[in-house]
Structures are given as structure tokens and as C-alpha cells.
Amino acid sequence: MSEPAKLGILDRLRARWAWLDHVMRAYQRFGKQKGTFFAAGLTYYTIFALFPLLMVGFAAGGYVLSRRPELLNTIDDRIRSVVSDELGQQLVDLMNSAIAARASVGLIGLATAAWAGLGWMWHLREALSEMWEQPADPAGYVHTKLSDLVAMLGTFVVTMATVALSALGQAAPMAAVLRWLQIPDFSVFDEIFRGVSVLVSLLVSWLLFTWMIARLPRESVGFITSMRAGLMAAVGFELFKQVGSIYLQTVLRSPAGAAFGPVLGLMVFAFVTWSLLLFATAWAATASEEDSRARHVEPPGPAVISPRIQIDEGLSARQTLTAAALGALGAWAFSRLIRWRR
């Protein structure tokens, strides 16, 4: 089929279904504003920001182990029982040195996490503003950094909450919670709690994406349209999380998958999540646009026919005398030319 025929079919489908036309306009906005490029950049900054967070986690773990020597001794015995004598002792010494340096590691991790997180939030706002086609005119430096810091903390808390609720919906964590509540594993509450956790996770994701789409750009936008786009992104995000959990369960069964699967899975997860968010933002940004084919065009005003009657009265006396003089002059010049040639 030729290219014009394909375009004709697509145009007819877009004219028939408004939702398809809206999706196509959102896709065009996503490509025009380099949505894939921004999603890849946000993926890089997301992975980069995880390392200082790991440092903070190690420091927090060091504080816990330093206050519970019996737990530390249990971990030392477990390491020595699993690993050989020399290597086991090296791992124990490395853990003890990390616990001893917990204060410095924690401070460095917090400072680096704040710096990387602010950069991540700035790029996220840049990407969302591009989808809305907002001009790059940020506020003052201090005001921008403070607002980015508050937005970063809120985004981190809500993101961790939705991830925790989604993990609670899996079989193993739910079974542990039911055992802790002393509820039988085969109780009807198992499926009920799992469904409630998924619904709560979907609600939290909806609020998170709606807030990102509506409030993180430099200029606030319509909240109703952002809620619709946020719901679309939340549903896609929840479905992708379920597929991602199946992927990790499959990949972690092999040694190579256990070594590289989580890293690749994290990169794919971040890229798809940011692409989904930016596409939903482009969808919200194009919701108010009208299709040029469906736009109502006002008809022109009524035509007014005004006939004009012009009467030809012939030549006037002045025009007649002028024509006679010019004719006589031309005849005299012609006669002189003939005589001169003879």
C-alpha cells in the first residue's frame, strides 16, 4: 500500500475516533519536545542518585548494628560459616570498618544525595515544562532550589510508599504480614488484603503522577486534565510493576541474571516510568487543542451584488479636436518622409 493511501486511512480513523486523534497529537508532542531524550536523561540521574542513597542506607545500618552487638555477632558468625576463613575475615573487617566510619559515610551520603537529588528534580521539571511548551524562565536561584528540595522530598516519600504497597501485594510479603497478624495463610483475608494493597498503590500512584504533571512544571496548569493524565499514567505504571516483578522472578533464577538482571531491570524500569510520565504529560498538554479538520469555521458573510450602469456618450468636443490634430500631424510627418526618400 502506498504512503498516501496509508495517510488517508489514518486520517479517516482520526476523524472517526476523537480519542485516537488525541493520542496521535500527544505522540507528536512527545516526539517534537524530545520526550525519549528527556526520559533517558532522567534515567541516568535516577541511577546516579541511588548511590548516595545507598551510602545513607549503609550508615543507617551501621548505627543499628553498633547498638545491637548480639545481632552483629550473629552476622559475623554467619559470614564465617558461609565464606572461607581468610575471605570471611576480610569481609568481617570490611563491615566493621564501615560501621566505624558510619558518621562520615552518612554525612557524605546525605550531602551527595541532596546535590544529586536537586539535579534530578531540576531536570524533571525541565522535561515536564517542555511537554507543556512552557518558556524556560525559572525564578531566583534560592527560591528554585528550595522548591526543588521540598518537591524532591515529597516525591521520594510518595514513591517509596507506592513501591512498598505494591510489594505488599506480592505473595511472600503478604504471607509474612498475615503471619505477623496471626491470620491463617489460607484465610479469605489474604486475597482481600492483596486487592486492597493494589488499589491503595494505584491511588497513591494516581496522586503522585497528578501532582507531578500539574505542579512540577514551572507554571501551574489545569488540575482536572492532569488528574485524567495521572490516572492513565498510574494504570500503566501499576501494570508495568506487575510485569517487572515477573521479570525479576524469572531472571534471578540464573547466576548471570542474579548478577546483571537487577541493574538492567532497574534501568528499564526507570526509563519506561519516565517515558510513561512524559507521554501522559503530553496527553494532558494536547487535551485543549482542537483538530484542524474538526474545527468549526464560520461561513463568510453574504455576497452583495451591486450592478453599475455606465453610459457611453461617445467622444467629447475636446477629444475630437485632439484626435484630428494628431491625425493631421501624423499625415504631414508621413508625407515629408516620403518626399525625403525620393
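Helix α6 covers residues 102-131, and its 30 residues should span 44 Å at 1.5 Å a residue; the end C-alpha atoms are 42 Å apart, which agrees. The model described here is predicted. Four salt bridges are present in the structure, and its largest nonpolar core has 34 residues.

**After helix α6**

- Glu133 follows α6 and has a positive phi, near 55 degrees.
- Glu133 is partly exposed, at a relative accessible area of 38%.

**Salt bridges of Glu133**

- Glu133 and Arg29 form a salt bridge through their side chains, at 3.4 Å from N to O. Because Arg29 belongs to helix α2 (residues 18-32) and Glu133 to the loop between α6 and α7 (141-168), this pair ties together parts that are 104 residues apart in sequence.
- Arg29 counts as buried, with 7% relative accessibility.
- A salt bridge also joins Glu133 to Lys32, where the closest N and O atoms are 3.4 Å apart. Here too distant parts of the chain are linked, since Lys32 lies in helix α2 and Glu133 in the loop between α6 and α7, 101 residues apart.
- Lys32 is exposed, and its relative accessible area is 59%.
- Together, Arg29, Lys32 and Glu133 make up a network of salt bridges.

- Glu238 and Lys241 form a salt bridge, with 3.3 Å between the closest N and O atoms.
- Both residues sit in helix α10 (residues 223-251); they are three residues apart, so about one helical turn separates Glu238 from Lys241.
- An α-helix has 3.6 residues a turn, so residues three or four places apart point the same way.
- Glu238 and Lys241 are both buried.

**Nonpolar cores**

- Within the largest nonpolar core, the residues that touch the most other members are Leu124, Trp274, Leu277 and Leu278. At least two residues of this core come from each of α2, α3 (35-67), α6, α7, α9 (189-215), α10 and α11 (255-285).
- The helix that gives the most to this core is α11, with nine residues.
- Leu278 is in contact with Phe30, Gly35, Phe38, Ala39, Ala127, Leu128 and Met131, leaving aside neighbours within four places in sequence.
- Another core, of six residues, lies apart from the largest one. Its members include Leu65, Leu72, Val92 and Met95.

Definitions and conventions. Residues numbered from 1 in each chain as written. Predicted model: local features only at pLDDT ≥ 70, side-chain atom pairs only at ≥ 80, totals over all residues. Heavy atoms only, no water. Helix = DSSP H or I, 4+ residues; strand = E, 2+ residues; numbered from the N terminus. Expected span 1.5 Å × (residues − 1). Buried < 20%, exposed > 50% of the residue type's maximum accessible area, 1.4 Å probe, protein only. Core = buried A, V, L, I, M, F, W, Y, C linked by side-chain atoms within 4.5 Å. Contact = heavy atoms within 4.5 Å.
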